[in-house]
Amino acid sequence: METIYRRNIFAIYGMSFFHMFMLIVPVLMPMFQSFGLNLTEIFYIQAVYAGTIVVLEAPSGYLADVLGRRAVLIAGSVLNGLGCLWLNIADGFWSLLIFEVTLGMASSLLSGADLAMLYDTDQALNQNDDGNPRAIANLGVSKSIAEGGGALLGGWVAMSSFDWLIAIQSVAAWFSLVFALRLKEPPVAVLNSTSEARPSWRELSDHVLKGDRILKLVFLALPLYTLGTVLAAWLIQPLWQSLSLSYGWFGILWCGQSLLVAMGSRFGYQIESRHGPTLALLLIGMLPILGALGAALIDGMGAAVVSFILFFNRGLYQVILVNALNRRVPSRIRATINSLNSLLFRLGFMVAGPVIGFVAQTYGIQAAMAILGGYSLLVLILVMLPLISAVSTARRQADERSQRVANHDAA
């Protein structure tokens, strides 16, 4: 049985790899523009994509907790494949809207459930519920390598034809389903499918709204930092276009960004364990300010280079904040909590995406980046600094309890 669950981990990595192996992503903006869309329209259909996930995110996470992770992950992989197939016949705004809605449905099913499956499998193997930052880091590295590899191949193929790019993408997307079919439901997830163990909305509210202060702040910080990074990522490609870079360079630069995410994922938990959570959280708070404002103030290729800071930071918070969230909630509601957290990010994108798109279209990329820099500064002040304070207080109280126990034992 242990061998089966160890294979489970590799299947999760494989499924996530091919879900993120998106050849079209590094040239998505110019590809959509080749269909006749402008920046405002592109951000609008991305907002519809986010809206689709908003509608389905919480129900899909609940289904993963009730029906099992495997069934939901298989359904998401099928929709992901169908969405990429549809792109072969898309020819304008409305057909691209259908593409985004289909992929939004797929993402809502896959997000949260994959992480919950990984945690449950690790718990079945190690019999602990303390979280495994190394497993999360490896998942993040797998996704980043997929993004980087897909970017290199996608940029190269796009130099020849967008049609070939879409055709290859529509084949690669189905490999995610191959790995999803190899998954086996861990015992804790099977338990969740019984009526007695089904999570209630009151239980979810008690954990998120009435739980410890660190959990509440982490639950808020994660979607806020994800929103800033994703908005910046959508501005990067128009920035590259303004520099007259070839699509081949698009792939190389996007691959470089993905490798930085992988580095952040790989070393994030080491930074936290060796230097403490205060430094790790401070880095997460400061780096997006430097990256966004740097891209706003520096002209030319320097703006593209300094924006890479944002993607290293993405790797950091995907390990540190995600692990902090998941180890503070029980397995029975873990997929739902992850989905609700993603839902907050999508809600934010629905509002901010079209606004940032309008600013970029009307006033330029640097103006939009300046707004994101100010946004990151506000998040640092209002969320990250209180989180650092809460973590420091909790560590101090834990040290005091340990000292009291030691003094009592000595007496």
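I began with L281, which has 4% relative accessibility and therefore counts as buried (under 20% relative accessible area with a 1.4 Å probe, protein chains only; exposed is over 50%, partly exposed in between). The model is predicted: local features need pLDDT of at least 70, side-chain atom pairs count only at pLDDT 80 or more, and totals for chains, interfaces and linings use all residues. Residues are numbered from 1 along each chain as its sequence is written, and side-chain values use heavy atoms, with hydrogens and water left out.

L281 sits in helix 14 (helices are DSSP runs of H or I, at least four residues, numbered from the N terminus). Leaving aside residues up to four places away in sequence, I found L281 touching I320, L321, M384, L387, I388 and V391 (contact is heavy atoms within 4.5 Å). I also looked up L380, 99 residues from L281 along the chain; their C-alpha atoms are 9.7 Å apart.

Next I looked at helix 13 (residues 247-275) against helix 14 (residues 277-297): they pack at about 135°, axes 6 Å apart (axes are lines fitted to C-alpha atoms over the stretch in contact, and angles run from 0 to 180 degrees between N-to-C directions). I271, E272 and H275 of helix 13 meet P277, L279, A280 and L283 of helix 14.

Last, I went to helix 8 (residues 162-172), where F162, L165, I166, Q169, S170 and A172 are buried. Down the helix 8 axis these fall within an arc of 160°, so they line one face (the arc is that of the directions from the axis to the C-beta atoms). D163, W164 and V171 are exposed on the other side of helix 8.

Key:
Helices (H or I, at least four residues) and strands (E, at least two) are DSSP runs, numbered from the N terminus.
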